[in-house]
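This briefing covers sheets, charged pairs and a few individual residues. Please look at the structure first; the notes follow it.

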Amino acid sequence: YEPYSDRFVAVACAQRRSSASGMLFGVSETSDPTGNWHLWLLDADSTNSDWVDFPNLGFIQGRLTITGNLFTIAADGFSGVNIWVIDTASALDGGAITMELLRITNAGGTLVPPLTYDAGETTQHLIRTGTANIFGSGRLQLYNLTGNIGALSFNTNPTASVGDAWSISVPNAKQMGTTALIETNDTRLLGAVMRNGRLWTAHTVALSITVRDHAAVKWWEIDPATGTAIQDGAIEDVDGDGNFNINTGTHYYFPSVAINKNNEVLIGFSGSSGQEFVSSYYTFRAPSYPEGLFDIPTRYFSGVGTYSGPRWGDYSHTVVDPVDDTTFWTVQQHAAGSNRGGNSWAQVGEASADTTPPGISALSSPTSTRFVVTFSEPMADNAALVSNASYSFSPSLSIVSVVRLNSTQVRINTAEVST
């Protein structure tokens with residue numbers, strides 16, 4: 001949904017590995033997406049040497065930006081990225097559109113233009129994954145488009161966004177009932193959103209950076225004006241020591257992110273393990289949460305069977321309802337049985353304001369300055385559980401931090417070693 005013109009916009013690639021390859025582009029005739037649409041086919045390559053793949057759609061007020069990776073028809077070799085920039089007003093009546101096509105060959109692949117909900121923003125940013133691990137840190141790279149349509153310039157942000165490192169060797173995910181694995185593909189970004197001066201994005205990564213035994217969702221909040229990463233983190237299924245159980249641990253993959261007017265964030269994704277078919281998940285973050293924290297993932301639709309191929313796919317979508325600009329909708333894939341994939345929707349409202357910690361069912365023996373606390377019930381949406389003030393020890397210990405581990409556990413780090 002593009003709020004400035006009150007229309008819906010859709011893109012899709014057509015005619016893969018063909019000289020007829022192009023980008024399908026549509027705009028709803030009215031604010032009702034179930035009605036008629038204006039439709040175009042944008043040629044991928046006037047020389048008929050390349051075909052286009054993996055579309056991304058973004059906008060600022062007055063402009064729509066579509067990107068797609070280019071590959072040679074002859075050998076499937078990567079040859080650059082197409083960026084179509086379209087004057088939004090020219091596309092509203094279904095006639096000839098005002099547009100500029102840029103072909104970028106020096107910036108890698110999958111350049112993602114964010115959906116920009118800041119009406120005063122005149123710069124179309126683009127973002128992609130950079131180096132996964134250099135001196136213990138990972139990087140995203142920002143770009144931007146400046147100038148008027150017909151004379152646009154593609155610019156590289158001089159400062160990379162630096163966060164925690166990851167590995168590009170993403171393992172395929174286990175699923176219940178078969179040795180066949182689910183393809184988790186690669187670490188490219190899967191969409192981006194800009195709101196209130198901050199850019200949010202997410203992608204699938206391999207963790208840990210040394211063991212690389214599970215797929216996880218990595219997310220970022222970035223200040224695009226400076227390129228600085230405000231915060232970043234990973235959604236992963238690990239124990240109190242950060243270890244993944246290869247037999248029972250859940251892989252998370254193919255995320256998408258949305259931000260509402262209250263600066264609340266929802267990330268939707270798929271997940272599976274040796275004890276679970278591919279299922280649909282989401283996780284929520286309120287602006288009051290401590291830096292780096294999302295809720296424990298919620299499985300809102302359980303898969304019902306195994307899936308053995310073909311390729312699972314890169315598909316995920318999370319949006320804010322335009323009616324109230326608050327409610328989230330997420331659509332994620334799940335295994336539907338009989339070797340089929342399915343799509344499941346979830347409507348997500350405001351998170352619980354509960355601040356009463358649940359009962360403690362177990363406390364681990366101290367290991368140096370660490371304790372693992374196990375609760376008697378799931379602790380999703382409970383901000384008190386990661387507050388230092390919610391815990392005390394007798395004899396007294398100074399609490400340094402509390403880290404959420406999974407749906408029923410936190411790790412408490414103390415300044416002194418307990419006896």
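Does Asp 223 count as buried or exposed? Asp 223 counts as buried, because its relative accessibility is 15% (buried means under 20% relative accessible area, exposed over 50%, and partly exposed in between, with a 1.4 Å probe and protein chains only). This is a predicted model, in which local features need pLDDT of at least 70 and side-chain atom pairs count only at pLDDT 80 or more, while totals for chains, interfaces and linings use all residues. Residues are numbered from 1 along each chain as its sequence is written, and side-chain values use heavy atoms, with hydrogens and water left out.

**Salt bridges**

- Nine salt bridges are found in a search of the whole structure (a salt bridge is a side-chain nitrogen of Lys or Arg within 4 Å of a carboxyl oxygen of Asp or Glu).
- Arg 198 and Asp 223 form a salt bridge through their side chains, at 3.8 Å from N to O. Arg 198 is in strand β14 (residues 198–207) and Asp 223 in strand β15, so the pair ties together parts 25 residues apart in sequence. Strands, like helices, are DSSP runs numbered from the N terminus (strands E, at least two residues; helices H or I, at least four).
- Arg 198 is partly exposed, because its relative accessibility is 28%.
- Lys 218 and Asp 232 also meet in a salt bridge, at 2.6 Å from N to O. Lys 218 belongs to strand β15 and Asp 232 to strand β16 (residues 228–235), and the pair links distant parts of the chain, 14 residues apart.
- Lys 218 is buried at 3% relative accessibility, and Asp 232 is buried at 16%.
- Asp 76 is joined to Arg 17 by a salt bridge whose closest N and O atoms are 2.7 Å apart. This pair links distant parts of the chain, 59 residues apart: Asp 76 is in the loop between β5 (63–72) and β6 (78–87), and Arg 17 is in the loop between β1 and β2.
- Asp 76 counts as partly exposed at 30% relative accessibility, and Arg 17 is partly exposed with a relative accessible area of 41%.
- A network of salt bridges links Asp 45, Asp 50 and Arg 103.

**Glu 221**

- Glu 221 is part of strand β15 (residues 214–223).
- Glu 221 is buried and has no salt bridge; the nearest side chain of opposite charge is Arg 198, 4.0 Å away. For charge, Lys and Arg count as positive and Asp and Glu as negative, while His and the chain ends are not counted.
- The side chains of Glu 221 and Gln 231 are joined by a polar contact of 2.7 Å. A polar contact is a pair of N or O atoms within 3.5 Å; within protein, one must be able to donate a hydrogen and the other to accept it, and residues adjacent in sequence count only if both atoms are side-chain atoms.
- Leaving aside residues up to four places away in sequence, Glu 221 touches Arg 198, Leu 199, Trp 200, Thr 228, Ala 229, Ile 230 and Gln 231 (contact means heavy atoms within 4.5 Å).

**Sheet β1-β2-β3**

- Three strands form an open sheet in the order β1-β2-β3, with antiparallel pairing (two strands pair if DSSP finds at least two bridges between them).
- β1 (9–14) and β3 (37–43) are the edge strands, each pairing on one side only.
- From one strand to the next, the twist averages 20° (axes are lines fitted to C-alpha atoms, for helices over the stretch in contact, and angles run from 0 to 180 degrees between N-to-C directions).
- β1 and strand β2 (residues 22–28) run antiparallel and are joined by six bridges.
- Leu 24 in β2 is the bridge partner of Ala 12.

**Sheet β21-β22-β23**

- A further open sheet of three strands has the order β21-β22-β23, again with antiparallel pairing.
- The edges are β21 (316–320) and β23 (340–348); each has a single partner strand, so one side of each has no neighbour in the sheet.
- The twist here averages 25° from one strand to the next.
- Nine bridges pair strand β22 (residues 328–337) with β23 in the antiparallel sense.
- Gln 332 has Ser 344 in β23 as its bridge partner.

**Leu 57**

- Leu 57 lies in strand β4 (residues 50–60) and counts as partly exposed at 22% relative accessibility.
- Leu 57 touches Val 9, Val 11, Thr 65, Ile 66, Pro 113 and Leu 115, not counting residues up to four places away in sequence.
- The C-alpha atoms of Leu 57 and Thr 374 are separated by 43 Å, and the two residues are 317 residues apart along the chain.
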